[in-house]
Amino acid sequence: MKALRRFTVRAHIPERLAALGPLSTNLRWSWHPETQDLFSRLDPELWQAVQFDPVRMLGEVNPTRLDELSSDEAFLGDLDTAAADLDAYLSTPRWYQSQQAKGTSLAGGIAYFSMEFGVSEVLPNYSGGLGILAGDHLKAASDLGLPLIGVGLLYRSGYFRQSLTADGWQAEHYPPHDPQGLPLRLLTDAGPTSDDGSPVVIHVAMPGGRVLRARVWIAQVGRVPLLLLDSDISENDADLRGVTDRLYGGDQDHRIKQEILAGIGGVRAVRAYTAAYGLPDPEVFHMNEGHAGFLGIERIRELVTTSGLDFDSALAAVRAGTVFTTHTPVPAGIDRFPADLVRHYFGGANGENESSLLPGLTVDRIVGMGRESDPSIFNMAHMGLRLGQRANGVSKLHGIVSRDMFNGLWPGFDADEVPIGSVTNGVHAPTWAAPEWMDVARRIVGQEQLEEARGWERLHELSATELWETRNALRGKLVDEVRRRVRASWLERGATEAELGWTTGVFDPNVLTVGFARRVPTYKRLTLMLRDPERLRAMLLDEKRPVQLVVAGKSHPADDGGKALIQQVVRFADEADVRHRIVFLPDYDMSMARYLYWGCDVWLNNPLRPLEACGTSGMKSALNGGLNLSIRDGWWDEMYDGENGWAIPTADGVLDDVRRDDLEASALYELLEHAVLPTFYDRDAADLPTRWVERVRHTLENLGPKVLASRMVRDYAVDYYAPSAESARAVVADDFAGAREVAEFRRRIESQWPSVAVEQVDGSGLPDTPEIGATISLRAKVRLGGLSVSDVQVQAVLGRVSPGEELTDVVTFPMTHFGAEDGTEIFEAEVALPVSGSVGYTVRVLPHHRLLVDASELGLVTTPSV
Ligand SMILES: *Cc1c(COP(=O)(O)O)cnc(C)c1O
């Protein structure tokens with residue numbers, strides 16, 4: 001008989017072991033091996049069976065075993081130590097507090113919104129890189145002491161679980177999760193003070209007078225609360241209960257409901273949380289990708305209805321305190337909805353212009369926030385850029401690509417002036433580094449430093465032997481895990497135990513191990529390595545210098561093309577002559593990924609440049625001394641230094657895809673055959689691959705500090721959150737005087753801008769054959785229409801001139817107001833020639849206001865008409 005519904009009953013924990021409760025529900029255990037050890041000691045076999053999940057462990061452990069441990073002095077001692085350690089972790093001032101103590105102005109609170117969060121495999125609320133990144137962001141924020149709140153949805157089935165059919169086709173499963181069995185607690189109106197508050201229920205209006213309701217679960221990620229909205233409650237209509245059923249499942253209609261709940265419901269959840277916990281409201285709202293962008297519209301509604309602001313002033317206030325991070329370098333990857341669908345959900349009854357979802361706002365203004373050149377489309381990234389005064393991409397290269405991609409929103413500006421910066425992603429070392437490395441790091445660096453993941457680079461101080469032994473041990477662990485998973489996968493595909501004797505010989509702990517694991521969209525080119533199957537086969541089977549390859553990845557359920565690529569790899573890996581050297585492991589998730597990052601010697605990545613925004617798996621490998629073998633895309637483009645791995649040359653500019661794949665695949669084989677394999681198998685008298693170990697050492701030293709999530713979160717805290725909080729304070733003060741001023745300024749500028757003109761520019765004072773550094777006097781006559789001199793900034797722009805008269809490598813200089821003449825304003829500057837060669841100049845006028853961050857912010861600029 002099948003159960004109709006499943007729920008979880010938590011065991012009674014003896015009083016003396018009560019500390020196990022908080023140790024199991026605070027997800028800090030997931031990056032604290034000592035706490036994991038403690039749970040494993042409850043029952044080592046059961047610990048495996050419950051897949052290293054402390055909450056399940058406490059639910060299933062035999063009560064007599066708990067009674068026994070209540071009087072086990074050694075266990076109690078370690079339990080008390082772990083409990084005290086968690087308390088200290090939660091209460092001691094950390095980096096953020098020490099900065100504040102030094103007088104650094106930082107954001108008073110940050111709300112971080114994301115559609116997925118990959119904190120731990122026990123909370124499978126993620127599909128891939130974006131979610132894992134969000135999880136690492138929360139953990140590093142916790143380690144550093146940021147006052148940050150995470151906000152997202154709790155999916156009943158998370159993302160799908162992957163298995164393979166007998167012929168290698170991806171099959172998807174959606175096992176439901178009972179929130180009661182997860183490390184979650186309900187948000188109640190009583191907050192932390194009492195156990196008997198009533199659960200908070202968030203309401204969001206739906207068309208036809210219906211209401212979507214959600215309760216709010218809190219996952220505690222160290223010091224950081226993660227609020228997860230859950231629509232699966234009996235108060236909802238049956239169809240609305242399913243809003244949070246799956247991550248990235250369903251059609252556009254399903255998805256917009258999810259995004260409305262995440263954005264609008266998410267803000268309401270934050271308000272309920274801060275009210276119940278007596279905390280100040282966050283000053284900064286960070287959108288991790290555009291999915292939760294409706295959060296900005298909800299905050300506009302709050303200001304319009306409770307503070308009496310008009311839409312534009314509210315928008316100015318919201319913009320100041322919003323940071324938007326874009327994650328996709330491809331227009332096709334951007335989240336867009338039919339504008340009519342947005343109208344349907346936000347629209348008034350009977351086509352009125354007042355929104356029924358957000359009363360006080362008009363539907364036209366809401367739809368306008370996501371407009372793009374095609375008026376029938378609503379673009380979530382454009383909304384993110386309009387709602388966030390600060391925006392960034394996730395690697396330097398992705399910053400460049402994003403400035404180019406969104407240039408259309410700032411017409412008249414060169415791509416490099418588009419106000420989108422970059423913060424390169426990072427990974428959480430205590431989560432992703434093998435316990436073996438953590439142990440040596442603790443020895444060398446010390447626990448306290450390590451908690452904020454400082455000093456990681458000092459691992460390079462280890463002796464060559466110790467480095468190599470650690471690498472060997474980790475490869476050995478991976479080999480065991482590969483064998484276990486290959487076996488399980490074959491059993492699932494219908495094989496019998498008797499046929500699987502060969503699986504004990506899968507992989508060899510002494511063979512160079514290459515990993516390739518990631519989602520399977522086309523641009524990541526899962527099958528590039530199979531471009532020349534015979535060449536690959538020869539490398540796998542080489543007698544002296546073989547390579548072994550572990551591959552994993554999920555294809556989106558609707559992407560049959562991706563599934564065909566997986567099948568191609570599986571079929572190759574099934575062949576009897578190579579199956580001991582190449583494996584495809586189904587169900588790539590955090591629990592598997594860990595072994596791959598620990599154990600692989602080489603991490604392979606071959607996306608179509610520049611379509612990988614950042615990529616983080618290679619960073620996790622590097623933290624464990626893995627060497628990257630990658631196309632120079634995303635993070636690798638800025639961090640490859642010639643010694644820390646290998647760059648696969650790209651055939652950028654070759655437009656024929658087939659030829660490009662051929663060229664890049666062949667470059668990949670070349671590198672493996674002539675650089676990677678020889679270095680790995682070149683041994684000294686003591687069988688030590690000295691050149692390889694030096695590269696490992698260099699990787700730990702050079703990449704260690706750069707790839708950390710703590711570096712990333714500090715970058716956000718200092719370069720984005722702090723200035724954003726300053727801006728927010730500046731516009732909110734004196735009953736939003738600044739916000740009203742910005743809105744008024746913007747209205748005036750936008751209406752007057754058409755009459756702004758540069759009428760005449762004269763340059764003088766140059767010698768006949770000027771040298772670089774010679775000064776030139778520039779004088780411009782500018783007509784300002786109804787604007788005053790203080791509303792604008794006039795700039796001289798100098799640079800090289802291309803044959804098409806385009807200025808490149810430009811340098812700008814402010815010009816000073818000199819006086820008025822015939823109804824025009826005169827501006828002057830003395831500037832030194834910044835470049836040699838064919839040089840040109842022009843003058844331009846930009847809006848100027850002290851509360852704008854960037855001169856290009858309003859997308860307005862006037863140059864002389866030629
Ligand atoms: C790190 C990670 C990813 C993302 O890796 P990319 O290099 O960005 O593709 C995806 N899935 C899991 C389980 C991960 O740990």
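View 1. A polar side-chain atom of tyrosine 597 sits 3.1 Å from a ligand oxygen atom. For threonine 616, a backbone N or O atom is 3.1 Å from an oxygen atom of the ligand. In the side chain of lysine 620, an N or O atom lies 2.6 Å from a ligand oxygen. A polar contact here is a pair of N or O atoms within 3.5 Å. On its own the ligand has 380 Å² of accessible area, and the protein covers 95% of this (Shrake-Rupley method, 1.4 Å probe).

This is a predicted model, in which local features need pLDDT of at least 70, side-chain atom pairs count only at pLDDT 80 or more, and totals for chains, interfaces and linings use all residues. Residues are numbered from 1 along each chain as its sequence is written, and side-chain values use heavy atoms, with hydrogens and water left out.

**View 2. The shell around the ligand.** Among the 15 residues around the ligand, those that come nearest are Lys524, Tyr597, Thr616, Ser617 and Lys620; a residue is near if one of its heavy atoms lies within 4 Å. Sorted by class, the shell holds six nonpolar, five polar and four charged residues. Helices α8 (129-144), α23 (590-599) and α24 (617-623) each bring at least two shell residues, and α23 has the largest share, with three. Helices are DSSP runs (H or I) of at least four residues and strands (E) of at least two, numbered from the N terminus. Where does the ligand lie? It lies between domain 2 (93-334 + 375-425 + 722-728) and domain 3 (434-707), because both give residues to the shell.

**View 3. Where domain 1 meets domain 2.** The C-alpha centres of domain 1 and domain 2 are 31 Å apart. Their contact (heavy atoms within 4.5 Å) takes 13 residues from domain 1 and 15 residues from domain 2. About 1200 Å² is buried between these two domains, and carbon and sulfur atoms give 61% of that area. Buried area is the accessible area (1.4 Å probe) that two parts lose on being put together, summed over both. On the domain 1 side, Leu27, Trp31 and Tyr89 lose the most area to domain 2, together 50% of what that side buries.

**View 4. Two backbone details.** Most residues other than glycine have a negative phi, and most peptide bonds are trans. The peptide bond from arginine 609 to proline 610 is cis, with omega near 0 degrees. Proline 610 belongs to the loop between β18 (602-605) and α24. Aspartate 735, in helix α28 (residues 709-752), is not a glycine, yet has a positive phi of about 55 degrees.

Note on methods
Polar contact = N/O pair within 3.5 Å; in protein donor to acceptor, adjacent residues only side chain to side chain. Nonpolar A, V, L, I, M, F, W, Y, C, P; charged D, E, K, R; others polar. Domains from an automatic or database assignment.
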